[in-house]
Amino acid sequence: MSSSIVDPADPVFRLHRGGKMAVASTVPLTSREDLSLAYTPGVARVCEAIAADPGVADDYTWAAHTVAVVTDGSAVLGLGNIGPRAALPVMEGKAVLFKQFAGVDAVPVCLDTQDVDEIVAVVRALAPSFGGINLEDISAPRCFEVERRLDEALDIPVFHDDQHGTAIVVLAALRNAATLLNRKLGDLRVAVSGAGAAGVAVTKMLVAGGVDPDQVVVCDSKGIIGRHRAGLTDTKAELAAMTNADGREGDIAEALRGADVLIGVSGGQIPEQAVAGMAAGGIVFALANPTPEVHPEVAARHVAVVATGRSDYPNQINNVLAFPGVFRGALDARATRITDGMKVAAADAIAGVVAESLTAEAIVPSPLDPRVAPAVAEAVAEAARRDGVTR
């Protein structure tokens, strides 16, 4: 079936033709003996051992080093609700990033349902085949419930990367930006533009990492979130209870008045005049893709450090800095869940990779830096053992 959108000569389409991944055998299959060991009758002995002791599966199947990348196609990149089939190229891409950067095998699982109960039921049923579940591109607020219920139901790590991957890298970048500017996280006044999956997770991660929640103000499309707002969702009511101690009301310009940090995870545009109202020597992370909330060149007129989600500007806040190492560490430690302590440890490890060579244009490592995933994996595994969430 052809489409006028498809251009076979386009290098993007050429690269994607046939998909970006395949299954490969790890054992020889060149003789009758090979077949008898890999399949029947030899495989029956392994099955019996696992039936007697399910923990044996960690050593004698792929589960202990394999992750399911699960989506319902409801919030894919900046494309929105394009459905599971159109989401598959992104999930394939995520899977090959897992393999390339951390040696983790991953399988795209695109579900043809956007019902929370059905998603939870399907993933629970699939879970015995995997050592971890990476939830991807599921829209808020359903993503919060899906993750919470799966985390409670399963004894393997469940991680919604759009939330926590972004939050981990933001904390790492802010830690280094504060160090560069000789500031302490606990002294920073922070405005977060966006209260979707990423905005909620970023806010909670910053607090877990040392930012004072009383000094945080979160905005959604209706303005500042606080106790003055009626009709908030449960998630936003939780944000209202933990942030905005001064009881500010108004729009993003009010939230930015005197703020040291702007973190944009909304996609909405922020006027230059609002950024100009920030405190001197500020920090802007404008992470919407492909169009940042504030153009980096505009932000640079008013603040000391600027980061975006784009690869064509310095300081790219890219989830690939986090999720491969997070899962590698969790799988290596045979963790049953991913704790806040593991996330903070991941952020510290990312920050530490470039801690000795900080500049205003290099507060995070390159996504291609080979030091990142091993450092994150080691830190996450150690934190998992410390937090007592290993089998």
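The second largest cavity in this predicted model has a volume of about 50 Å³. A cavity here is a set of points, on a 1 Å grid over the protein atoms alone, where a 1.4 Å probe fits but cannot get out. Grid points are joined across faces, edges and corners, and the volume is the space filled by probe spheres set on the points. The lining, meaning residues with an atom within 4 Å of a point, consists of D58, A63, A64, G131, P157, A330, L331, R334, A335 and R391.

By this rule there are two cavities of 30 Å³ or more. The largest cavity is lined by R189, V190, D214, Q215, V216, V217, N244, A245, D246, R248, A255 and A259. For the class counts below, Ala, Val, Leu, Ile, Met, Phe, Trp, Tyr, Cys and Pro are nonpolar, Asp, Glu, Lys and Arg are charged, and the others, Gly among them, are polar.

| Cavity | Volume | Lining by class |
|---|---|---|
| Largest | about 70 Å³ | six nonpolar, two polar and four charged residues |

Local features need pLDDT of at least 70 and side-chain atom pairs count only at pLDDT 80 or more, while totals for chains, interfaces and linings use all residues.

Now for the rings. The structure holds four aromatic pairs; rings of Phe, Tyr and Trp (its six-membered ring) pair if their centres lie within 6.5 Å, with planes under 30 degrees apart called stacked, over 60 edge-to-face and the rest tilted. F98 and F323 make an edge-to-face pair, at 4.8 Å centre to centre with 65° between the planes. F98 sits in helix α5 (residues 84-102) and F323 in helix α14 (residues 323-332), so this pair ties together parts that are 225 residues apart in sequence. Helices are DSSP runs (H or I, at least four residues), numbered from the N terminus.

F98 also pairs with F327: the ring centres are 5.5 Å apart and the planes at 80°, so this pair is edge-to-face. It links helix α5 to helix α14 again, with F98 and F327 229 residues apart. Both F98 and F327 are buried, that is, under 20% relative accessible area with a 1.4 Å probe, protein chains only. Ring pairs link F98, F159, F323 and F327 into a cluster.

Finally, K94 lies over the face of F323, at 4.2 Å from the ring centre. The rule for that is NZ of Lys or CZ of Arg within 6 Å of the ring centre and within 35 degrees of the ring normal.

Methods. Residues are numbered from 1 along each chain as its sequence is written. Side-chain values use heavy atoms; hydrogens and water are left out. Helices (H or I, at least four residues) and strands (E, at least two) are DSSP runs, numbered from the N terminus. Buried means under 20% relative accessible area, exposed over 50%, partly exposed in between (1.4 Å probe, protein chains only). On a 1 Å grid over the protein atoms alone, a cavity is a set of points where a 1.4 Å probe fits but cannot get out, and a pocket is an open set with protein on both sides within 12 Å along at least five of seven lines; lining residues have an atom within 4 Å of a point.
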